Amino acid sequence: MSTNEIKVGVLGATGAVGQRFVQLLEDHPWFRITAVAASERSAGKPYAEAVTWRLDTPVPEAVRTLPVALCEPGLDCDLVFSGLDSAVAGPIEAAFAAADYAVVSNSKNHRMDEDVPLLVPEVNGDHCAIIDYQRKRRGYGRGFIATNPNCSTIGLTMALKPIAEQFGLRQVAVTTLQALSGAGYPGVPSLEILDNVLPYIGEEEDKMERETLKLLGRFRDNRIEHAGIVVSAQCNRVHVQDGHMECVSVALENKTDADGLAKALRNHRGPPQELGLPFAPARPVIVRDEPDRPQPRMDRDAENGMAVTVGRIRPCPVLDMKFVVLSHNTVRGAAGTSILNAEFLRTQGYLD
Ligand code: NAP
């Protein structure tokens with residue numbers, strides 16, 4: 001290991017999100033996986049034996065033989081990425097933070113804690129400063145918890161941020177068409193989803209409506225003031241493997257047209273782009289002009305799955321403007337944003 005590398009562990013390494021972490025971290029220039037952990041079912045086995053690998057690249061050589069540990073502090077690493085089942089993530093993540101590990105999580109458990117940043121660096125990088133308050137309030141040393149939002153909220157807020165900044169947002173109505181991989185494995189039974197659409201995803205609408213307000217909120221005096229906008233979400237599961245699509249209508253403070261909205265989205269850049277972070281897409285938002293884009297199969301892998309694609313920008317006769325957003329739910333919507341968060345937190349001194 002070079003002296004510049006940081007040892008990282010993956011909690012929930014055998015799960016759908018955990019596998020993405022293992023895949024995406026192969027050859028990462030800053031982070032080296034030195035520990036993998038999961039439940040008692042997997043503990044003690046070499047990773048390649050414990051995992052039912054479902055990605056289309058092989059299990060990385062350096063991780064194949066790592067023994068799967070239990071999710072308890074004592075792992076040989078300084079930072080843990082968490083893809084833990086939310087039924088167990090809350091206390092496990094807090095125990096790691098208290099034991100001086102940096103915890104960068106995908107799970108919902110700590111997202112809405114008032115002293116935990118809910119982070120997408122292109123949207124609200126400045127919220128990471130709440131970690132100082134968290135450490136003081138909870139008596140942590142160098143440990144902390146940072147989270148990323150739910151998969152559909154990440155795609156939505158990456159599109160809303162430049163709109164909120166330039167035109168002011170008042171209301172958002174969003175209808176999602178969410179991929180099957182978002183439900184983990186084995187997920188939705190095939191006989192329920194073949195030739196069908198499921199108009200219910202447990203807790204998803206509530207998460208989108210609440211998390212969006214925290215993300216678009218303002219950090220001031222050790223508090224994150226939630227944005228004063230209204231969000232209405234309707235979430236559907238569709239017969240697509242990867243890639244969440246979202247049909248969005250927005251009401252604005254200051255009116256614009258399709259060209260104005262497209263320009264704001266195209267020009268958006270955030271701290272990851274300015275800092276040239278390894279996982280940063282050159283363009284966080286790609287705007288397509290074709291009338292039939294974005295589509296999951298054609299657009300989910302844009303910029304290695306880290307960019308969101310927006311298309312069909314047009315006036316909305318009910319609110320002001322409407323458009324379609326597409327993002328890769330297990331890359332930008334989960335493990336990829338966590339890795340970008342860790343890269344960003346390193347540049348801000350939180351991994352020193
Ligand atoms: P998953 O495939 O069911 O994986 C869950 C992981 O948690 C497995 O590694 C499992 O280990 C481990 N685990 C379960 N019970 C445990 C216990 N008692 N102690 C320690 N480890 C335990 O779930 P997933 O789809 O990857 O989701 C993981 C988290 O990310 C969830 O909180 C989910 O809401 C969130 N998330 C998922 C997505 C997505 O697209 N799938 C997107 C954003 C966020 P074993 O293999 O040993 O059982």
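Figure 1. In the side chain of arginine 41, an N or O atom is 2.8 Å from a ligand oxygen atom, and a polar side-chain atom of serine 107 is placed 3.2 Å from an oxygen atom of the ligand. Of the 910 Å² of accessible area that the ligand has on its own, the protein covers 79%, as computed by the Shrake-Rupley method with a 1.4 Å probe. This is a predicted model, in which local features need pLDDT of at least 70 and side-chain atom pairs count only at pLDDT 80 or more, whereas totals for chains, interfaces and linings use all residues. Residues are numbered from 1 along each chain as its sequence is written, and side-chain values use heavy atoms, with hydrogens and water left out.

**Figure 2. The shell around the ligand.** Among the 25 residues around the ligand, those that come nearest are Thr14, Val17, Ser39, Arg41 and Ser42, where a residue counts as near if one of its heavy atoms lies within 4 Å. By class, the shell holds eight nonpolar, 15 polar and two charged residues (Ala, Val, Leu, Ile, Met, Phe, Trp, Tyr, Cys and Pro count as nonpolar, Asp, Glu, Lys and Arg as charged, and the others, Gly among them, as polar). At least two shell residues are supplied by each of helix H1 (16–25), helix H4 (86–98) and helix H13 (331–347); helices (H or I, at least four residues) and strands (E, at least two) are DSSP runs numbered from the N terminus.

Figure 3. The bond from tyrosine 185 to proline 186 is cis, with omega near 0°, and proline 186 sits in the loop between strand S7 (169–178) and helix H8 (190–193). Arginine 293 and proline 294 are likewise joined by a cis peptide bond, with omega about 5°, and proline 294 belongs to the loop between strand S12 (285–287) and helix H12 (296–299).

**Figure 4. The loop at aspartate 27.** Aspartate 27, a residue other than glycine, has a positive phi near 65°, and its place is in the loop between H1 and strand S2 (31–38). Most residues other than glycine have a negative phi.

Conventions. Polar contact = N/O pair within 3.5 Å; in protein donor to acceptor, adjacent residues only side chain to side chain.
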